[in-house]
Amino acid sequence: MNARAWAAWIVAAVIIGVTLQARAASDPPAPAAPATALALATLPPVPIPAANAPNEAKLQLGRLLFFDARLSGDGSTSCASCHVPQHGWAHEDALARGYPGHRLWRNNPTVLNAAYATRLMWDGSLDSLEAQARAAMQAPVEGNGKGTMIEMRLRLVPAYRALFCRAFGDAWPQLDHAWQAIAAYERTLVSDARQVPLDRYLAGDRTALSASARRGLALFEGKAGCIQCHHGAMATDEGFHALGVPRQPLDDSHPLVQIAMRWQNAQRDASPALDRQGREDLGRWYATHDSADIGKFRTPTLRELKYTAPYMHNGVFATLREVVDFFDAGGGAAPHKSPLLRPLGLSQQDKLDLVAFLEAMSSDRPIVADAPRLPPIEPLGDAAACVPQTAGGASPAASTGLTAQRSVATRRP
């Protein structure tokens, strides 16, 4: 190539280079890589707090105490009074019963899979099962149990003295250890992935979901947008959202519900102007006192929904179809309403498919347990010397051949 040709080639290359650079500068930037997609997942091993590792005696004690009404003020109310095994470890009533003479203002959440939750109660005010057990049994409108009296009752049950000794090394039962035992037992109440159609499907069994449930899954992750708040192993973001859920009729017709609501607002320092003269559940505000949190409630897990009706924080919906209809309409009216809610335009078949998928997140058969025979209370005599099962009473479950990762409850058709 002669000198003239080389010069022409160089000029052309420069022109092309400048043109490409100009085009690159004017083109929009390449889109960023998409964020990690939200997805459902199977349950991991149960997280066990180091301060409350299980052992055989502790789990046995916790099961007994869960069903023992002697932890309440008048001996009438146990954990199982509100968290009934035959009703999904929740309650069939729209609003919780409470201590005799009271009626609570919220629906009972299930304790199934509560071992995975980092926030408990509809307003997220508690952060551990140990704290929840204590609060429920000692709150005036729930268990109404006075600590020193309950502790003395436990000390007059010889079988309990032996179990507290083996589990914790207590010479005499200690009330804080009672809450730990109950929490340890509750951590065994979890879904078994082998019994849940969705979990089997996620594990690779494409026959685990019906055709309707598969269509429902596509809606859940797509058009219906449920995945935005219901994702992960527990199908919840554990966040707080205002949805505009309809008012529970009992709020206006049942005097004990009104009393409990007014008591709650007075205890939480809600002004009359804020709580509309004591008739509103302020939700997350009780934990934060931030006006932006009024009417927001914790996103519940969707696991075991088939067995835990009625639904929502106030139990206003009796069926999953009612829940789907509510979200299809874009929710209700509420201050600070979640921007994620919008009318969905679902067909009747879409709604049937969504319900079929939601039910597929429940075990094939309900997780239930028979109430144990409780040991008797007896006059106090000479106490036997305490010989703990293990040093410190905090041996891991593996040392006793137990696992705290699957329910010790029986399953029935």
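User: Does Asp93 count as buried or exposed, and at what relative accessibility?

Analyst: Buried means under 20% relative accessible area, exposed over 50%, and partly exposed in between, with a 1.4 Å probe and protein chains only. Asp93 lies in the loop between H3 and H4. Asp93 counts as buried because its relative accessibility is 17%.

User: What kind of model is this, and how are its residues numbered?

Analyst: This is a predicted model, in which local features need pLDDT of at least 70 and side-chain atom pairs count only at pLDDT 80 or more, while totals for chains, interfaces and linings use all residues. Side-chain values use heavy atoms, with hydrogens and water left out, and residues are numbered along each chain, as its sequence is written, from 1.

User: Which residues is Asp93 in contact with, leaving aside its neighbours within four places in sequence?

Analyst: Contact means heavy atoms within 4.5 Å. With the neighbours within four places set aside, the partners of Asp93 are Arg103, Asn107 and Pro310.

User: How many helices and strands does the chain have?

Analyst: Both are DSSP runs numbered from the N terminus: helices are H or I with at least four residues, and strands are E with at least two. By this rule the secondary structure comes to 14 helices and four strands.

User: What percentage of the residues in the chain is buried?

Analyst: The chain has 413 residues. Among its contacts with a separation of 6 or more, 71% are between residues 24 or more positions apart. The buried share of the residues is 49%.

User: At what angle do the axes of H4 and H7 cross?

Analyst: Axes are lines fitted to C-alpha atoms, for helices over the stretch in contact, and angles run from 0 to 180 degrees between N-to-C directions. Helix H4 covers residues 129-138 and helix H7 covers residues 175-186. Their axes come within 8 Å, and the crossing angle is roughly 115 degrees.

User: Which residues of H7 make the contact with H4?

Analyst: On the H4 side, the contact is made by Leu129, Glu130, Gln132, Ala133, Arg134, Met137 and Gln138. On the H7 side, the residues are Leu175, Trp179, Gln180, Ile182, Ala183 and Glu186.

User: How many salt bridges does a search of the whole structure find?

Analyst: Side chains of opposite charge can pair when their charged atoms come close. A salt bridge is a side-chain nitrogen of Lys or Arg within 4 Å of a carboxyl oxygen of Asp or Glu. The search of the whole structure finds 19.

User: How far apart in sequence are the parts that Asp123 and Arg268 tie together?

Analyst: The side chains of Asp123 and Arg268 meet in a salt bridge, at 3.8 Å from N to O. Asp123 lies in the loop between H3 and H4, and Arg268 in the loop between helix H11 (255-267) and helix H12 (285-288), so the parts tied together are separated in sequence by 145 residues.

User: What is the N to O distance in the salt bridge of Arg106 and Asp123?

Analyst: Arg106 and Asp123 are both buried. Their side chains meet in a salt bridge with an N to O distance of 3.4 Å.

User: Where do Arg155 and Glu151 lie?

Analyst: Arg155 forms a salt bridge with Glu151, the closest N and O atoms being 3.4 Å apart. The two residues are four residues apart, about one turn of the helix, and both lie in helix H5.
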